[in-house]
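Please read it alongside the sequence and structure shown here.

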Amino acid sequence: MAGLTIGKFADAEGVGVETVRFYQRRGLLAQPARGRSGFREYTEDDRWRLAFIRRAQGLGFTLAEISDLLGPAEARSTDEIVRAAEAKLAAVADQLGELARLQCRLRRLVQVCAHGSSGDCLALHLGDGHLGDGHPGREHFGHEHLSDTDDQLSSSALSSPR
């Protein structure tokens with residue numbers, strides 16, 4: 001792979017030339033030296049860095065996080081990567097919890113709108129980030145109050161459609 005121009009390098013890694021240039025502007029990839037041909041030539045190290053960037057993005061890491069992992073020349077210790085992956089895993093778990101709560105609320109909204117009075121359905125206050133009576137985590141559907149504790153889902157409830 002050594003000696004590839006930017007176009008061939010980008011094609012070989014399945015990205016566009018502008019993606020390579022973007023990563024260079026962000027400091028994730030170095031701009032290689034010019035070869036005897038006068039063109040910049042990419043090496044195996046460049047290929048490894050680009051593959052690392054793409055894999056890390058696929059795992060949900062931001063470009064800033066990837067930059068921290070890569071450092072100025074090559075990947076840091078595996079301990080640092082493990083810590084970063086654990087932090088990302090915890091963030092994903094938090095997002096899943098938030099999505100599960102939102103799923104419950106939306107199911108309740110569908111149920112109220114489909115089977116309740118149209119007044120109850122239309123009276124929901126969706127613009128302020130809360131449903132119902134204006135208290136975070138409490139929804140008011142007709143005479144029924146629902147709280148965040150009602151939002152706890154089992155894994156079977158998440159996987160089975162209602």
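**Salt bridges and core of a predicted model**

The side chains of Arg47 and Glu13 form a salt bridge, with N and O 3.0 Å apart; the term denotes a side-chain nitrogen of Lys or Arg within 4 Å of a carboxyl oxygen of Asp or Glu. Because Arg47 belongs to helix H3 (residues 44-58) and Glu13 to helix H1 (residues 6-13), this pair ties together parts that are 34 residues apart in sequence. The model is predicted: local features need pLDDT of at least 70, side-chain atom pairs count only at pLDDT 80 or more, and totals for chains, interfaces and linings use all residues. Residues are numbered from 1 along each chain as its sequence is written, and side-chain values use heavy atoms, with hydrogens and water left out.

**Overall architecture**

- The chain contains seven helices and two strands; these are DSSP runs numbered from the N terminus, helices being H or I of at least four residues and strands E of at least two.
- In sequence order, the elements follow the pattern α-α-α-α-α-α-β-β-α.
- Of the 162 residues in the chain, 26% count as buried; buried means under 20% relative accessible area, exposed over 50%, and partly exposed in between, with a 1.4 Å probe and protein chains only.
- The chain has an accessible surface of about 10600 Å², and carbon and sulfur atoms account for 54% of that surface; the areas come from the Shrake-Rupley method with a 1.4 Å probe, and for residues only the protein chains shown count as cover.
- Among contacts between residues at least 6 apart in sequence, 45% join residues at least 24 apart; a contact means heavy atoms within 4.5 Å.

**Salt bridges**

- The structure holds four salt bridges.
- Arg47 is partly exposed, at 37% relative accessibility.
- The C-alpha atoms of Arg47 and Ala12 are 9.0 Å apart, although 35 residues separate the two along the chain.
- Glu18 pairs with Arg21, the closest N and O atoms lying 3.0 Å apart.
- Glu18 and Arg21 are three residues apart in helix H2 (residues 17-25), so about one helical turn separates them.
- An α-helix has 3.6 residues a turn, so residues three or four places apart point the same way.
- Both partners are partly exposed: Glu18 has 49% relative accessibility, and Arg21 has a relative accessible area of 36%.
- Glu65 and Lys88 meet through their side chains in a further salt bridge (3.1 Å, N to O).
- That pair links distant parts of the chain, with Glu65 in helix H4 (residues 63-70) and Lys88 in helix H5 (residues 78-115), 23 residues apart.
- Glu65 is partly exposed at 29% relative accessibility, whereas Lys88 counts as buried at 16%.

**Nonpolar core**

- The largest nonpolar core comprises 18 residues; such a core is a set of buried Ala, Val, Leu, Ile, Met, Phe, Trp, Tyr and Cys residues joined through side-chain atoms within 4.5 Å.
- The residues with the most contacts inside this core are Val20, Tyr23, Leu28, Leu29, Leu50, Ile53 and Ile66.
- H1, H2, H3 and H4 are the elements that each give two or more residues to the core.
- In soluble globular proteins, nonpolar side chains tend to be buried together.
- Leaving aside residues up to four places away in sequence, Leu50 touches Phe9, Glu13, Val15, Val20, Tyr23 and Leu29.
- Ala56 is placed in helix H3 and is buried, at 6% relative accessibility.
- With the same exclusion of residues up to four places away in sequence, Ala56 touches Phe61 and Ile66.
- The C-alpha atoms of Ala56 and Ile66, ten residues apart along the chain, are separated by 6.7 Å.

**Aromatic pairs**

- The structure holds three aromatic pairs; rings of Phe, Tyr and Trp (its six-membered ring) pair if their centres lie within 6.5 Å, with planes under 30 degrees apart counted as stacked, over 60 as edge-to-face and the rest as tilted.
- One of them is tilted, because the rings of Phe22 and Tyr23 have centres 6.1 Å apart and planes at 55 degrees.
- Phe22 is partly exposed at 32% relative accessibility, whereas Tyr23 is buried with a relative accessible area of 2%.

**Helix H5**

- The 38 residues of H5 should span 56 Å at 1.5 Å a residue, and the 54 Å between its end C-alpha atoms agrees with this; the expected span is 1.5 Å times one less than the number of residues.
- The buried residues of H5 include Lys88, Ala100, Cys104, Arg105, Arg107, Arg108, Leu109 and Val112.
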